[in-house]
Amino acid sequence: MVRLEREGNSFVFITGQTQKPDISSLISAIAELKNNSPDLARIKEGLLYLDNSAGIDIRKEIKSVLQKAMENNVVQTGL
């Protein structure tokens, strides 16, 4: 996939990522905010997900991810 992004007064081609960002991109971007020097690429991926998620109920997606994490933790710890 190739996309054109504005960088200052010019435009650059961004290549690479072939899959559409998912909710994990947003969660990773939010987690980066607690770091002293956050990874700007992850934050951009989170922003890209938000830009492309018009009409999606993000709360349901986050709840689903959190529930899966809880279920996986219960299975791993045997609780």
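These questions and answers walk through a few local features of a predicted model.

Q: Is R3 buried, partly exposed or exposed?
A: R3 sits in strand β1, which spans residues 2-7. Its relative accessibility is 25%. Buried needs under 20% and exposed needs over 50%. R3 therefore counts as partly exposed.

Q: What distance separates the C-alpha atoms of R3 and T15?
A: Along the chain, R3 and T15 are twelve residues apart.

Q: How is α1 oriented to α2: roughly parallel, roughly perpendicular, roughly antiparallel or oblique?
A: Helix α1 covers residues 23-32, and helix α2 covers residues 40-52. Their axes come within 7 Å and cross at roughly 135 degrees. Roughly perpendicular stops at 115 degrees, and roughly antiparallel starts over 145. That angle therefore makes α1 oblique to α2.

Q: How many nonpolar, polar and charged residues form the contact of α1 with α2?
A: From α1 come I23, S25, L26, S28, A29 and E32. From α2 come R42, I43, E45, G46, Y49 and L50. Sorted by class, the contact has six nonpolar, three polar and three charged residues.

Q: Is S53 buried or exposed?
A: S53 lies in the loop between α2 and α3. Its relative accessibility is 5%. The cut-off for buried is under 20%, so S53 counts as buried.

Q: Which residue has its backbone oxygen 3.1 Å from a polar side-chain atom of S53?
A: The side chain of S53 supplies the polar atom. The backbone oxygen 3.1 Å away belongs to L50.

Terms used: Residues are numbered from 1 along each chain as its sequence is written. This is a predicted model: local features need pLDDT of at least 70, side-chain atom pairs count only at pLDDT 80 or more; totals for chains, interfaces and linings use all residues. Side-chain values use heavy atoms; hydrogens and water are left out. Helices (H or I, at least four residues) and strands (E, at least two) are DSSP runs, numbered from the N terminus. Buried means under 20% relative accessible area, exposed over 50%, partly exposed in between (1.4 Å probe, protein chains only). Axes are lines fitted to C-alpha atoms, for helices over the stretch in contact, and angles run from 0 to 180 degrees between N-to-C directions. Angles under 35 degrees count as roughly parallel, over 145 as roughly antiparallel, 65 to 115 as roughly perpendicular and the rest as oblique. Contact means heavy atoms within 4.5 Å. Ala, Val, Leu, Ile, Met, Phe, Trp, Tyr, Cys and Pro count as nonpolar, Asp, Glu, Lys and Arg as charged, and the others, Gly among them, as polar. A polar contact is a pair of N or O atoms within 3.5 Å; within protein, one must be able to donate a hydrogen and the other to accept it, and residues adjacent in sequence count only if both atoms are side-chain atoms.
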